Amino acid sequence: MELEEYVVRLYRRKDFSRCSFTVEEINELEKTNELLVYLPANLTYKQLCDMFKIKSNINFSNGGLIKNVMQDEDQWFITSANKSPELLYTNARTAERIYEDGGLNGMDFRRYLAFAATFKDKFKEFPDNSYWTFLLAGSYDRSGVSIVGFDKNKVLSHHGWMKDFKSKFNGSRYIVLP
């Protein structure tokens, strides 16, 4: 993966933070079915959706209830390249514990948008159009969790739910930070 070409293609910028993953780790991504994702600091949901041409039914002016982590710093992270999320039919509370026990983190909404754009850049389609994904690193309102996914019309949807919710069409996505 040529990092500069990737960043220019997605973000239309040549200035970006150095990636802390090693060349060896990056070269292993194809074998492990994982993606390297870049997310610049301080971009809003609306800016990311506009930049990536993601249609959404989310009213971004009411987005104050969706909380994210690490907004003020550039991020490189690794995540699964599966079209569907992991840990299907597992509630958010249990998925969070599984990831923490494995030294992994969850996604927040900004990370999810960067992942979706990177996935589409590589595979020419968005992920999660049959399933929903818990965003475990962020939160919704006080103690809820955000759930996102693309509908059959390729429109991104967001719902806030309780962390003990589980269904056969809902899973989670991990991230690995350097």
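Helices and strands here are DSSP runs, a helix having at least four residues and a strand at least two, and they are numbered from the N terminus. Keep that numbering at hand during this tour, and bear in mind throughout that the structure on your screen is a predicted model.

**Stop 1: a pocket and the helices around it**

Select helix 1 (3-11), helix 4 (45-52) and helix 6 (109-123), each of which supplies at least two residues of the lining of the second largest pocket. Which of these helices gives the largest share of the lining? That share, three residues, comes from helix 6. To display the lining itself, select Arg9, Leu10, Arg12, Met51, Phe52, Lys53, Ala117, Lys120, Asp121 and Phe126. The space in the second largest pocket amounts to about 180 Å³.

**Stop 2**

A search of the whole structure finds nine salt bridges, and another one to select is formed by the side chains of Glu125 and Lys83, at 3.3 Å from N to O. Here too the pair links distant parts of the chain, with Glu125 in the loop between helix 6 and strand 6 (132-140) and Lys83 in the loop between strand 4 (75-80) and helix 5 (92-101), 42 residues apart. Glu125 counts as partly exposed at 33% relative accessibility, and Lys83 is partly exposed as well, with a relative accessible area of 29%.

Now select Asp128 and Arg173, whose side chains meet in a salt bridge of 2.8 Å, N to O. Asp128 lies in the loop between helix 6 and strand 6, while Arg173 lies in the loop between strand 9 (170-172) and strand 10, so the pair ties together parts that are 45 residues apart in sequence. Are these two residues buried or exposed? Both Asp128 and Arg173 are buried.

**Stop 3**

Keep Asp128 selected and look at its backbone, where phi is near 55 degrees, a positive value in a residue other than glycine. Most residues other than glycine have a negative phi. Asp128 counts as buried because its relative accessibility is 0%.

Leaving aside neighbours within four places in sequence, the residues in contact with Thr133 include Pro85, Tyr112, Ser146, Val148, Gly171 and Arg173.

For another positive phi, go to Tyr89, which is not a glycine and has a phi of about 60 degrees. Tyr89 is found in the loop between strand 4 and helix 5, and with a relative accessible area of 43% it is partly exposed.

**Stop 4: a buried charge at Glu34**

Select Glu34, which has its place in strand 1 (residues 34-39). Glu34 is buried yet has no salt bridge, and Arg173, the nearest side chain of opposite charge, is 10 Å away. What does join the side chain of Glu34 to that of Tyr174? A polar contact of 2.6 Å joins them. Not counting residues up to four places away in sequence, Glu34 touches Leu29, Ile78, Thr79, Ser80, Ala81 and Tyr174.

**Stop 5**

Move on to Ile175, which is found in strand 10 (residues 174-175) and is buried, with a relative accessible area of 0%. Beyond residues up to four places away in sequence, Ile175 touches several others, among them Phe77, Ile78, Leu104, Met107 and Arg111. The C-alpha atoms of Ile175 and Trp76 are separated by 9.7 Å, although the two residues are 99 apart along the chain.

Finish at Gly144, whose place is in strand 7 (residues 144-150) and which counts as buried at 6% relative accessibility. Not counting residues up to four places away in sequence, Gly144 touches Ser139, Trp161 and Lys163. A distance drawn between the C-alpha atoms of Gly144 and His159, 15 residues apart along the chain, comes to 9.9 Å.

How values were computed: Residues are numbered from 1 along each chain as its sequence is written. This is a predicted model: local features need pLDDT of at least 70, side-chain atom pairs count only at pLDDT 80 or more; totals for chains, interfaces and linings use all residues. Side-chain values use heavy atoms; hydrogens and water are left out. Buried means under 20% relative accessible area, exposed over 50%, partly exposed in between (1.4 Å probe, protein chains only). Lys and Arg count as positive and Asp and Glu as negative; His and the chain ends are not counted. A salt bridge is a side-chain nitrogen of Lys or Arg within 4 Å of a carboxyl oxygen of Asp or Glu. A polar contact is a pair of N or O atoms within 3.5 Å; within protein, one must be able to donate a hydrogen and the other to accept it, and residues adjacent in sequence count only if both atoms are side-chain atoms. Contact means heavy atoms within 4.5 Å. On a 1 Å grid over the protein atoms alone, a cavity is a set of points where a 1.4 Å probe fits but cannot get out, and a pocket is an open set with protein on both sides within 12 Å along at least five of seven lines; lining residues have an atom within 4 Å of a point. Grid points are joined across faces, edges and corners, and a volume is the space filled by probe spheres set on the points.
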